[in-house]
Amino acid sequence: MREDCKKDFERLSEYLDGELDDDVCREIERHFRHCPECRECVATMKKTIQLCKAVANEKIPSDARERLMSMLRQCFSRNHTE
Amino acid sequence: MNETATDPVDHRLISEFKAGSMEAMEKIVERYEDRIFTFGLKMCGHLQDAEDIAQETFLNAFKYLKDFREETKLKNWLFKIATTACIRKRRKKKCEPDQEISLESFVPQNGDDVKYEIPDWSDDPSDNMLRSELKDVIDDAIQSLSHKYRLVFNLRDIEGFSTQEAADILGISTQSVKTRLHRARLFLREKISMSYKEGAIQ
């Protein structure tokens, strides 16, 4: 294992999320210049997140929604007539 | 504690609900039902489980909404309830303990020649076949993540909560959120890339 990779590799998500201080970012970017693997890791990780997000817009099926609403309405009415 | 209070529309609906409006309750459900359902589905993998999660979440939410002091956003509060529902469901099913994901296996090795290829998502609806194959691969990959990593990934990357918000929802440290998120992303990147290479996605 490359020792210089390990330290920066652990922080690549924080780098991607903009959660690191400027000096740490610069340090990582210096590392990128001679490490195509870490550079590519950030790029492919970013793509992975976009891909997962793209398929995450599910809608509750209409029959499930009806059951949910009717259950909540019943509860509501019960609590407000007691 | 979160500094941001709940948004103005939610604030109005909560007040109306407290004053006895059933319509306000329905509007709150309409605003969050798809997100909570998606979260349940991504966490449990089954439509029936996702429906149970949505029911338990809203049932509990309206039971305790009168005591909700709006120190946090309504969305965050609902996800906290949904998270508890997911954890409870998992406990009931007596699932295997979480497998730890080690960072070591992902660190580039000397002489490594592993190429990660992640396909592009097509916005073209005529690519329906490809989109559905790809969706299956992604859903499977997310399902194969251990529960504690899946929770963090869904809250941070799918629902868009900040590190601090996810930590508050889960009741863990921000450092744990960061560590789990990084491992989850690396795991998914490898899984999706492998499926792509093996031809599961054309």
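I count a residue as buried if 20 or more other C-beta atoms lie within 10 Å of its own C-beta atom. The model is predicted.

**Entry 1: helix 7 of chain B**

I began with helix 7 of chain B and went through its residues. B:Thr163, B:Glu165, B:Ala166, B:Ala167, B:Asp168, B:Ile169 and B:Leu170 are buried. That makes seven of the eight residues in 163-170, so helix 7 of chain B is largely enclosed by the rest of the structure. What covers these buried residues? I found helix 4, helix 6 and helix 8 of chain B among the covering elements. B:Gly171 follows helix 7 of chain B, and its phi is positive, near 70°.

**Entry 2: another positive phi**

I turned next to B:Glu70. Its phi is also a positive value, near 60°, and this residue is not a glycine. I located B:Glu70 in the loop between helix 3 and helix 4 of chain B. Is B:Glu70 buried, exposed or partly exposed? I noted 15 other C-beta atoms within 10 Å, so B:Glu70 is partly exposed.

**Entry 3: two domains**

I looked up how chain B is divided. Domain 1 spans 8-92 and domain 2 spans 104-197. The C-alpha centres of these two domains of chain B lie 25 Å apart. Their contact takes ten residues from domain 1 of chain B and 13 residues from domain 2 of chain B. On the domain 1 side, helix 2 (22-44) and helix 4 (74-92) of chain B are the elements that give two or more residues. Helix 4 of chain B gives the most to that side, with five residues. I sorted the domain 1 side by class and got three nonpolar, three polar and four charged residues.

**Entry 4: the core**

I went on to the largest nonpolar core, which has 63 residues. Which members touch the most others? They are B:Leu78, B:Ala82 and B:Val152. Helix 2 of chain B gives the most to this core, with ten residues. Both domain 1 and domain 2 of chain B give residues to the core, so it lies between them. I then followed up B:Ala82. Leaving aside neighbours within four places in sequence, B:Ala82 is in contact with B:Ile36, B:Phe39, B:Gly40, B:Ile53 and B:Thr57. In soluble globular proteins, nonpolar side chains tend to be buried together.

**Entry 5: helix 1 against helix 2**

I checked how helix 1 (residues 8-18) of chain B meets helix 2 of chain B. Their axes come within 7 Å and cross at roughly 145°. The crossing is left-handed. From helix 1 of chain B, the contact uses B:Leu13, B:Glu16 and B:Phe17. From helix 2 of chain B, it uses B:Ala24, B:Met25, B:Lys27 and B:Ile28. By class, this contact of helix 1 with helix 2 of chain B has five nonpolar, no polar and two charged residues.

**Entry 6: chain B against chain A**

I finished with the partner chain. How many residues of chain B are in contact with chain A? I found 40 residues of chain B against 38 residues of chain A. Helix 2, helix 3 (47-64), helix 5 (128-143), helix 6 (147-158) and helix 8 (174-197) of chain B each supply at least two residues of the chain B side. The largest share of that side, ten residues, comes from helix 2 of chain B. By class, the side of chain B that touches chain A has 21 nonpolar, seven polar and twelve charged residues.

Note on methods: Residues are numbered from 1 along each chain as its sequence is written. Chains are lettered from A and ligands numbered from 1 in the order in which they are written. This is a predicted model: local features need pLDDT of at least 70, side-chain atom pairs count only at pLDDT 80 or more; totals for chains, interfaces and linings use all residues. Domain bounds come from an automatic or database domain assignment. Two residues are in contact if their C-beta atoms, placed from the backbone, lie within 7 Å. Helices (H or I, at least four residues) and strands (E, at least two) are DSSP runs, numbered from the N terminus. Ala, Val, Leu, Ile, Met, Phe, Trp, Tyr, Cys and Pro count as nonpolar, Asp, Glu, Lys and Arg as charged, and the others, Gly among them, as polar. Axes are lines fitted to C-alpha atoms, for helices over the stretch in contact, and angles run from 0 to 180 degrees between N-to-C directions. A crossing is left-handed if the near helix is turned anticlockwise from the far one by less than a right angle, and right-handed if clockwise. A nonpolar core is a set of buried Ala, Val, Leu, Ile, Met, Phe, Trp, Tyr and Cys residues joined through C-beta atoms within 7 Å. A residue is buried if 20 or more other C-beta atoms lie within 10 Å of its own, exposed if 12 or fewer, and partly exposed in between; C-beta atoms are placed from the backbone.
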